[in-house]
Amino acid sequence: MNSAPVIAIDGPSASGKGTVAQEVAAALGFHYLNSGALYRLVAHSALRRGVSLDDEAQLGVLAAGLDVDFRGEEILIQNEQVTDEIRSEDVAAGASRVASLPGVRTALLERQRRFARPPGLVAEGRDMGSVVFPGAVLKIFLTASAEERALRRYKQLKQKGIAATLPSLLEDLRQRDARDAARSVAPLKQCPDARQLDTTAMSAKQAAERILAWYRGLDW
Ligand code: C5P
């Protein structure tokens with residue numbers, strides 16, 4: 001068993017998990033795992049190679065063999081930069097589909113656990129506290145209203161010059177949340193031992209500060 005402390009941050013799409021988790025990791029000097037990126041990479045590779053998003057066996061093989069490198073904020077697959085490409089709404093929808101397949105989740109499990117190295121890890125996703133790191137020292141369920149999350153995603157896309165409309169983003173988010181919550185394996189839900197943090201009226205910095213205060217106040 002690895003003794004590095006893990007902070008697990010789970011929550012629905014566009015709740016700000018990525019930004020908040022990175023801030024917390026930077027403040028503590030911890031490693032950072034963006035587990036959603038792994039599911040996005042599986043979907044991205046499948047779309048590129050023409051593998052069907054229902055073909056569990058093939059997708060499991062793809063997931064087990066992903067040649068991925070996280071370099072700071074950059075994500076490379078077989079040395080090719082795919083950081084922006086995997087943020088697209090097509091890849092996001094594909095990720096949510098492949099993530100419902102047990103064969104894909106199992107293939108990614110050990111890979112995720114290997115990120116827990118000293119001095120510690122901040123891991124964000126949907127099942128960090130429930131499945132991947134059940135022994136995490138601090139579990140957070142980060143939420144925000146669907147409207148606020150759609151607005152945040154809209155602003156992000158606009159900043160990058162990507163066209164999108166608010167109603168369609170809201171609809172996409174709702175569909176993805178419903179699929180993530182309804183799947184039979186590792187569904188999105190708050191663990192009984194997770195602390196809920198609603199960031200609807202909070203900045204990412206404020207949310208990170210709250211988590212850091214919780215972490216520092218832990219009774220070890
Ligand atoms: O967090 P992000 O939006 O990048 O995740 C993309 C998709 O990957 C999610 O919609 C979800 O279906 C899936 N996912 C998951 N388990 C995780 C992280 C992401 O099922 N730990």
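A polar contact is a pair of N or O atoms within 3.5 Å. Keep that cut-off in mind for the first stops of this tour, which runs through a predicted model.

**Stop 1: the ligand.** Select the ligand and the residues around it. The shell holds 16 residues, and those that come nearest are Arg40, Arg105, Asp127, Asp180 and Arg183. Now pick Arg105 and look at the end of its side chain: an N or O atom there is 2.8 Å from an oxygen atom of the ligand. Because the cut-off for a polar contact is 3.5 Å, this pair at 2.8 Å counts as one. Move to Arg40, where a polar side-chain atom lies 2.6 Å from a ligand oxygen. At Arg183, the distance from a polar side-chain atom to an oxygen atom of the ligand is 2.9 Å. How much of the ligand does the protein bury? Taken alone, the ligand exposes 450 Å², and 98% of that is buried by the protein.

Stop 2: Hide the ligand and look at the space it takes, which is the largest pocket. Then colour helix 2 (35–49), helix 4 (89–98) and helix 8, each of which supplies at least two residues of the shell around the ligand. Which helix gives the largest share of that shell? Helix 2 does, with 4 residues.

**Stop 3: Asp177 in helix 8.** Stay on helix 8, which covers residues 166–182, and select Asp177 within it. Buried or exposed? Asp177 has a relative accessibility of 15%, so it counts as buried. Leaving out residues up to four places away in sequence, Asp177 touches Pro12, Ser13 and Arg149.

**Stop 4: two alanines with positive phi.** Next select Ala14, in the loop between strand 1 (6–10) and helix 1 (17–28). Its phi is positive, about 60°, although Ala14 is not a glycine. Ala14 counts as buried because its relative accessibility is 15%. Then go to Ala186, in the loop between helix 8 and strand 8 (195–198). Ala186 is not a glycine, yet it has a positive phi of about 45°. With a relative accessible area of 13%, Ala186 is buried.

**Stop 5: a cis peptide bond.** Select Pro118 and Pro119 together. The peptide bond joining them is cis, with omega about 5°. Where is Pro119? Look in the loop between helix 5 (102–113) and strand 6 (121–125).

**Stop 6: Val98.** Return to helix 4 and select Val98. Val98 has 0% relative accessibility, so it counts as buried. Show what surrounds it: apart from neighbours within four places in sequence, Val98 is in contact with Tyr39, Val42, Ala43, Leu53, Leu59 and Val104. For a sense of scale, draw a distance from Val98 to Val137; the two are 39 residues apart along the chain, and their C-alpha atoms are separated by 29 Å.

**Stop 7: Leu101.** Finish in the loop between helix 4 and helix 5, where Leu101 lies. At 14% relative accessibility, Leu101 counts as buried. Which residues does Leu101 touch, not counting those up to four places away in sequence? They are Leu53, Glu56 and Leu59.

Definitions and conventions:
Residues are numbered from 1 along each chain as its sequence is written. This is a predicted model: local features need pLDDT of at least 70, side-chain atom pairs count only at pLDDT 80 or more; totals for chains, interfaces and linings use all residues. Side-chain values use heavy atoms; hydrogens and water are left out. Buried means under 20% relative accessible area, exposed over 50%, partly exposed in between (1.4 Å probe, protein chains only). Contact means heavy atoms within 4.5 Å. A residue is near a molecule or strand if one of its heavy atoms lies within 4 Å of it. A polar contact is a pair of N or O atoms within 3.5 Å; within protein, one must be able to donate a hydrogen and the other to accept it, and residues adjacent in sequence count only if both atoms are side-chain atoms. Accessible areas come from the Shrake-Rupley method with a 1.4 Å probe; for residues, only the protein chains shown count as cover. On a 1 Å grid over the protein atoms alone, a cavity is a set of points where a 1.4 Å probe fits but cannot get out, and a pocket is an open set with protein on both sides within 12 Å along at least five of seven lines; lining residues have an atom within 4 Å of a point. A molecule sits in a cavity or pocket if more than half of its atoms lie within 2 Å of its grid points.
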